[in-house]
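Trainee: I would like to learn how to read features in a structure of this kind. Could we go through it together, one feature after another?

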Amino acid sequence: MLRCNNLLPVLLLADLFLITPLLTHAQQPAGDTLPAPKVRQLSEISIIQQKALVERRTDRLIYNVTSSVGAAGANGLEVMARVPGLRVTDNLIAIAGKGAVKVMVNGRIIPLAGEDLQRYLKSMSAGEIARVEVITNPSAAYDADGNAGLINIVTRRDRNQGFSGEIQASGKLSDYGFKKLYGVSNYGTMSAGGNFSYNTRRWSLYGNLNYEHGRFLEGFGIDLQYPNRFWSQTDTGNYKIRNLNLVLGTDYKISNRSTIGFNYSGARTAYIGDDHVNNPVFNTGGLLDSLLRTFATYQPVAWSTGLNLHLVTKLDSSGRQFSVDADYFNYYRTDKSDFISQRYDRKGEAIANGTTKYFDTNKQAINIYTLKADLQWPTTFANYAFGGKLSFINNYSNVFYFRNLQGEMEYDKNLSNEYDYTENTQAVYATASKEAGRWKLNAGLRMEATQTKGVSHVQDNAMGNNYVKLFPSFSADWNYHNDNHLAFTFGKRINRPVFWDLNPYKSLTTAYSYLEGNPYLQPEYNSNFELSHHWQHRFTAAAFLNITNNGFNRITVATPNNNTVYTTPENFLKIYRYGLSASATLQPLPWLESVNQLSGYHTDARSALPNIPDINGMSVYLATNNNITLNQDKTLMAVLNFWCQFPEVDHNGKSNTYYNMDLGLKAVCLQNRMSIALNGADLFRSSASIVRSTVNNIPQTFTHFQVNRQIRLSVSYKLGQSTRKREVRGTGSEEERKRT
C-alpha cells in the first residue's frame, strides 16, 4: 500500500512559502507581466492558445473543465472531485481544510444537500460544464449560505453566431475487486448526451441533454466497542441507476440595452435496488454472540424541475444596470421498501420469533419560489451595488410504516410521520467597491430575515424560528510591486440544516438501528478570515482562520445496556481552524502544466454535550494536477493527478490518511472535432475515509464504502461550423459570465 511520509508535506509547505517571495522579486518582462499568447493563422481560423486548466483570482479559483483531460466523460460529481482543493466524500462537498460549501449552477443556489445533491450532480455530464468556480469569499450580493463559500458550476454555451454543438458518449467500468457481488460482476455505467447553441443577432438558443444507465455499489460500516461486547454493522446498497438531465434556454435581445431570457432545467434520477446489512455481535473473547441480517428493497425515484425568467437592462452608458430573476424549483422524490430482519444465534441458526418485517412508503415534495433584483450603480467615487431577494420554501414529506404480520399489514404510528416545513427568507444587501491607486477595496453587508415552521402531524407538535442575521463581507487588495498582491478578506456565513435532518422521522437500518431527524436543529454560523499573497495569478500563499459557532453533525448514539443504536443530528460544536496554505501553477517545461496545492492546519473542536469529548489536532492536505502534452500538435495529452489527506479532525471525530491517484490519456483527431479519452480513477482504491470518535464513552468507527476505482472510455464530437473565426483565450482575461 502507498504511504505518505508525514514529514514530506511540512517540508514542501515550507519550501513553497520560501520560494514564493523570492519569485515575486525575480526580474519580470517590461509591460505585461505575462507574455502575450501566440496566434497562428489558418485560413479562416484564428486560434489563441487553449484555456489554462486553472485560473487563480483574488476571490476565486476557476477550473476550466473543457481543458481537463481527467474530466472527459465524467459526471458532474466526478468533475467536482477533480477540482484542486475540493474534497468530495460521502454526502459532502468541501474545501480541504476549510469546510463545506453550497453549490450553484449558473449563479443560482441548488437547494439540495447530502445524498440528494450528489445524485443531482451525477445526472449532469462533464460535456455540459464549461468551468467550476470556487468562491472562497463571496460578496454580500451572493446568498449567505455555505460555511466555506460557494461553488458555481457554469454550463457550456457558445456565443458565436450560428449553430454549434457537441455530442458525447462514455462507458465506465467500476472495480470492486473484479469479482461477482450479489450475483453481479459488470458494475459500471454507460452515458450519452450532447449540447448545442444557436445564435443570431437577437436570439440565442441553447440546450444540454444527458442520459446515464448502469449499476453501482455504495454503503458504510459502523463499529462500536462496548465494555462487554463488540458490535459491528456493514450496510451495502446494490443499485441500478437511470439518470436523465435536460437543460433548455433562450435569450432575446429586446434592444441594444435590454435582454430577456428563459431557462428550463429538469432531471429524473432513479436508484432501484436493495440493501444488505450484516450486524454481528462478538463477546470479549472475540467469539460470535449473535448475528442480525437485514435485507431491504428500495425504489427511490426523484424528479427536479427548475424554471427561470430573467431580465437584464443597461440604464445608461456608464455601466448602470438593473437585473431581475424569477425562479421556481421543484423536487419530488418517492420511495417504497420491503424490509426483513432475521436474528441468528452464535451457531448461525435462525432464532424463533426473531424475524421482523416492515413495508414502508415515503415521499418528499419541495417547492421553492424566489424573486431577486440587483442594481449596479457606478459613480466617480465608487461602484455600488444594491439588491434584494425573496425566498419561499415549502417542504412536505412523509414516511408510513406497516408491520408485516404473516401477510397482514398493520400501520405503525410510532415509526410513521407526516411533516410540513416552511421557510421564508427576505434578504437585502449593499456593496461598494473602489480602486485607489494600487488599492482595490470591496465592502458589503447582507441582512437576511428568516421565518421557519415545522409541523409533525403524526406526533402532533410544531416548532418555529424567527431570526434576523447580518452577514458582512470585506476585501482589500494592495498591488504593491509588479503584480505582487497582498489581500485580506473577511466574511460571515450561515449553514442551514438540510430538510431531511429537520424531519423527526425514523428510517430503519435494522430492527435495532435507525436514523432520526431533529426538528429543533438550528443553523450554524461561520466567520472566515484570510491574509494572502498573490503573484501573477500563479503563486498564492495564505494564512487563514475559520470559526464555526453552533456547529451541528450527525452522531451515532449507543448505550452499554441497550441494543438500540440510532443516528441523529445535534447542535453541539464550536470549531476553530487555523492554518497556512500555498498554491502554485507552474509550466516548468513547454509540455507540462502543473497545478499544486499544500495546506497545513490545526482544528480545535469543542463539544457542548457531556457525552462527547473535545478533540483537536494538526492535519496536512496536498494535491497536484498535471496536464502533459505528448506531441507538438497538442493532439495527444495525458493527465496525472494525486491528492492526499492526512489525519484530520472531522467534527467530533478524527479521520485516517486517505489519498487518490488518477491517470488519463486523451487524443484529438478529425481536424480537432473528435476527442477520445481513457481515464483511470482512484487507482489504489484509497479515496474513502475512516472516522473514529467516542460517544457515551463508547469508541466507534465509521467507514465509508466509497469505492471510486474505475476505468472510463469517452468519445466526443463537435458539430457546427468550426471554421468560423473565433477566439479561445487562455490567459484568464475572459470576462466572467454575468449572473442572470
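Predicted model: local features only at pLDDT ≥ 70, side-chain atom pairs only at ≥ 80, totals over all residues.

Trainee: Which residues have the most contacts inside the largest nonpolar core?

Mentor: In the largest nonpolar core, which has 45 residues, those with the most contacts are Tyr-63, Met-80, Ile-93, Leu-121 and Val-132. If we take Leu-121 as the example and set aside residues up to four places away in sequence, its contacts are Asn-75, Gly-76, Leu-77, Met-80, Ile-93, Val-103 and Ile-153. There is also a second, separate core, this one of 19 residues, which includes Val-184, Phe-216, Phe-339 and Tyr-358.

Trainee: How many residues of helix α3 are buried?

Mentor: The general idea is that an α-helix has 3.6 residues a turn, so residues three or four places apart point the same way. In this structure, helix α3, spanning residues 114–122, is mostly covered, with 7 of its 9 residues buried.

Trainee: Which residue in β13 stands opposite Gln-168?

Mentor: Strand β12 (residues 162–174) runs antiparallel to strand β13 (residues 188–199), and 12 bridges join them; within this pairing, Gln-168 stands opposite Gly-193. β12 also pairs in the antiparallel sense with strand β40 (residues 710–720), over 11 bridges, and there the bridge partner of Gln-168 is Ser-716.

Trainee: Is Asn-210 buried or exposed?

Mentor: Asn-210, which lies in strand β14 (residues 203–225), counts as buried because its relative accessibility is 4%, and the cut-off for buried is under 20%. A polar atom of its side chain lies 3.4 Å from the backbone oxygen of Ser-123.

Trainee: What does Ser-391 touch, leaving aside its neighbours within four places in sequence?

Mentor: The general idea for a strand is that, when it is regular, the side chains alternate between the two faces of the sheet. Ser-391 is found in strand β21, residues 383–405, and counts as buried because its relative accessibility is 12%. Leaving aside those sequence neighbours, Ser-391 is in contact with Ile-368, Tyr-369, Thr-370, Glu-423, Asn-424 and Thr-425.

Key:
Residues numbered from 1 in each chain as written. Heavy atoms only, no water. Core = buried A, V, L, I, M, F, W, Y, C linked by side-chain atoms within 4.5 Å. Buried < 20%, exposed > 50% of the residue type's maximum accessible area, 1.4 Å probe, protein only. Contact = heavy atoms within 4.5 Å. Helix = DSSP H or I, 4+ residues; strand = E, 2+ residues; numbered from the N terminus. Polar contact = N/O pair within 3.5 Å; in protein donor to acceptor, adjacent residues only side chain to side chain. Pairing = 2+ DSSP bridges.
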